[in-house]
Amino acid sequence: MVMACRVINKRRHMGLQQLSSFAGTGRTFLGPLKLSKFIIDAECHESVLISSTVRLLESLDLTSAVGQLLNEAVQAQNNTYKTGTSTLLFLIGAWSSAAEECLHLGVPISLIVSAMSEGLNSCIEEVVSLQVPVYNVFDQIDNTKTFSGLETSSVSLCPFLQIPSDSDLQKEHDLKDVASPSLTFYNLSGIPVRSPKLFRSQAEVEADKNTLQNPQSLQNSLLTGSRYGKSILIHSRHFNRTDNQWINKPDGFLEQHGGATPSTYRCSDLVELEMGLSHGDHHSMKLVDEAVRLQYQNASMQQGSCMMPFRFDISRIFTCCLPGVPESFSCVCPGFITVISISNTTLVKELQNQPIRILLIEGDLTEKYRHLGFNKATNINTVLESMRVQQDTTEELWTNYVLQVLIKFNVNLVLVQGNVSEHLTEKCIHSKRLVLGSVNSCVMQAFAEASGAVPVTYITQVNEDCVGSGVSVTFWRSIPSDVIDRINVITIVIKMEGINLVTVVLTSPVTAQMQTKEDRFWTCAYRLYYALKEQKVFLGGGAVEFLCLSHLQILAEQSLSKRNYVCSGWLPNTSSWLASSLALYRSTVLKCLANGWHKYLSTLIYNTASCSSEFEASTFIQQRLQNATDSGSPSSYILNEYSKLNSGIFNSGISNKLEQIPSIYDVVIPKTEAWRRALDLVLLVLQTDSEIITGLGHRQLNSQETEGFLFL
C-alpha cells in the first residue's frame, strides 16, 4: 500500500535518506499523546486506527533492502520488549540525518562509526546516575491504596512536559487547551492545582540561579521538595566539591548526606511504580494492576504460610479482544476466557452444570498430522481402486476412533495447541463435547499444572493418567443480545480452583481501535514486567535524553580542545592515523549525534502540545542546556530540579504541597537497547550501502538525475 512518497537526492547517501524517510512517518507516535493514523486497505477498503510503530511498518512498502533491515530491527525490539519501538524508529531517522551530515562535512566513514559508537556508550554509562532502585513493591500490596482509586484524580509531571490522565488521551483534545497555562490538574489527594508554566519569568530564572549559587539555599530547597524526605541518586564522578550533598554508594546508587541518617531514594510502592510507568495511559495500566493483584492473591493461597518472593509472571496473562462490545465490559478475570461460535450456545449450557474432564493435545488434532521429525515408512506400496473413497473412509475411521477415546475416558473438553479437524469438531458438538483449537502453550501448561492432565501429541497416547479433572465451563458475562447478534460469537470462561491464569478482556465499540487498545495494554504490562525484573527504573519524561544531550555537548567541547592541540602539533601519543584523525573529527561527530537527541526532545515536547512549535521547543531545550552548563554538572542540575518538583524537571509554578504527585519512570534495558539498535542499524547502512555519492566527481549529473522518489 502506498502512503506517500519522498524526494531522494542521488548525490547523497541513498540508504541513510531512505532510513530518514521511513522514520519520518512515525514522528507523531513519540510521547504519551500519540496522534493516531488511519490505514485504509486499497483493495478491500477496510480501515484500522494505529498509533504504534509496529502497525505502521506493517502498512508501509518495505521491500527495499533498507526497509527490510528497518523492519527487522523494529520487530526484534517489539518481540523482545514490547516497548521502545517509537523511540527506536525516531532515533534511526535522527541519527541517519546525523551520519549523512557527517559525510557531507567530509568525515571518513570509519571515524563516524568509531566516534558515534564511543559517544553512545559514554551516554549509556552516564545515565546510570538517573537509575532508581525498585525494592519490595509487593510488601504493602494488601493495603487500601489501589491503582483504580488513584486513576481518575492524578496527573503526572515530568521533564519538559505534562502527562495528562487517560481520559485526556482517549478523547480528541484541543492542542491550545492542552498547552494553556490555565489548565487545572488534580493531585492524588484530589486538590486542584494550576498547570505549571513551561517558560518561567526572568525573575524566577534569576531566583533559581541564586539558589544554585547558594549551597545552603539549594540544600533547603531540596529538603523541601524531596519526595517523602528521600534523596535522589546521582553519579559520584560529577561531584568532587566539598559542598556537595550527594555521596556515592558501592552499589552504584547514591544517597544524600548532611543529616543524622542518610536516606536512599528508591521506589518501594507498586502503585507509584505503575503510575510512573503508565505514561498517561491509566486505563491500560489499571488492567495490568488488577492482573498483577490476581496473580499475587493466587500465589498467596497456593503457598499458604510458606511465603516465597512473588514474581510477576507475564506469560500467564492473556488478552481476549471483543470488538463491537461497549467499553464498560473491559475487565480482568481469573481463568481462560475465549470466544467460540454462537452455534455452541446449547453445548455450553449443558456443560456448565456438570464436572468437566479435560484432555490436552500438543500439535494438531487431525488425521494427517505427524510430529516434527517424523519419518514415513519406506518400501510400502498401497494399491487403491479409488483414492478418494479411501481417503474419505480413512478420515471417517479416524474421527470415530477419536470419539471412542473421548467417550471411554469421559472427556468433555479438549484443548488443542494446533489446528482441529472441522469434521471432528462437528461430531464432538453432537456428542456434547467441546474442542478448542489454537490454544496458547502457556494456557495448556497452566491447565496441566492445575488439573493434573498430561499433554499428549497423538490421540492414541491417551490413557487415564493423561486426563485432568476439576475444570468448569460457563458463560463469561451476559452481553446484550443485539451485541451478540452483531459480533456473532459467544464468550466463555474456562477455569478451575488454583489455576495460575489471568485473562484481560479488552472491548471497544469501535472495531478499528481494537488493535491499538491491545498494543497499549501489552506495552504497559511489559514496562511493569521489566521494571520488576531489573529492579530498577530510569527517571523518565526526557530526563535521560536530556542528560545524554548535555553530556555529548561536554564531550564535543573537550574534543574540540584536543583538536586545537592537534592543529598546533602538541597532541602526544598520536602514533596512528586513526588516533590523530579521530581527535580532529570527534567533536564534529559528537555534535551531530547530540543533534539527534535535540530533535528527539523537541519532537517529544511538541507532540505533547507543551510548545506551539518545534522551534519553540528547541529554544526551550537550549535554554535548559545553558542552565545545566552553568550549574557545572548536568546530572546534578537534572536531579536537583527533579527533586524540587518530585516528578518533573522543567516545570515551575507548582505548589510545594504536591508531595504525592507520582514520578515518571522508564524501563532501563528496553530503552538502552532501543538506542543501541538504532545506532547499529544506521552504522550498518552507512558502511554497506554501495551508492555513496558525496559530490559530482568527474561527471556532472543532470537535474533529472539528481532526484528520485521513494514510495512509502
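Me: How are α1 and α23 oriented to each other?
Reply: This is a predicted model, where local features need pLDDT of at least 70, side-chain atom pairs count only at pLDDT 80 or more, and totals for chains, interfaces and linings use all residues. Residues are numbered from 1 along each chain as its sequence is written, and side-chain values use heavy atoms, leaving out hydrogens and water. Helix α1 (residues 14-24) packs on helix α23 (residues 668-688) at about 150 degrees, axes 8 Å apart, the axes being lines fitted to C-alpha atoms over the stretch in contact, with angles from 0 to 180 degrees between N-to-C directions. Over 145 degrees counts as roughly antiparallel, so α1 and α23 are roughly antiparallel.

Me: Which residues of α1 make the contact with α23?
Reply: Contact means heavy atoms within 4.5 Å. On the α23 side, L681, V682, V685 and L686 take part. Their partners in α1 are G15, L16 and L19.

Me: How is α3 oriented to α23?
Reply: Helix α3 (residues 65-81) packs on α23 at about 165 degrees, with the axes 11 Å apart. That makes α3 and α23 therefore roughly antiparallel.

Me: Are the residues L413, V414, L415 and V416 of β15 buried or exposed?
Reply: Buried means under 20% relative accessible area, exposed over 50%, partly exposed in between (1.4 Å probe, protein chains only). L413 and L415 sit on one side of β15 (residues 413-416), V414 and V416 on the other. Both faces are covered, and these four residues are all buried.

Me: What is the bridge partner of L415 in β16?
Reply: β15 and β16 (residues 434-436) run parallel, joined by 3 bridges. In β16, L415 is partnered by L436.

How values were computed: Helices (H or I, at least four residues) and strands (E, at least two) are DSSP runs, numbered from the N terminus. Angles under 35 degrees count as roughly parallel, over 145 as roughly antiparallel, 65 to 115 as roughly perpendicular and the rest as oblique. Two strands pair if DSSP finds at least two bridges between them.
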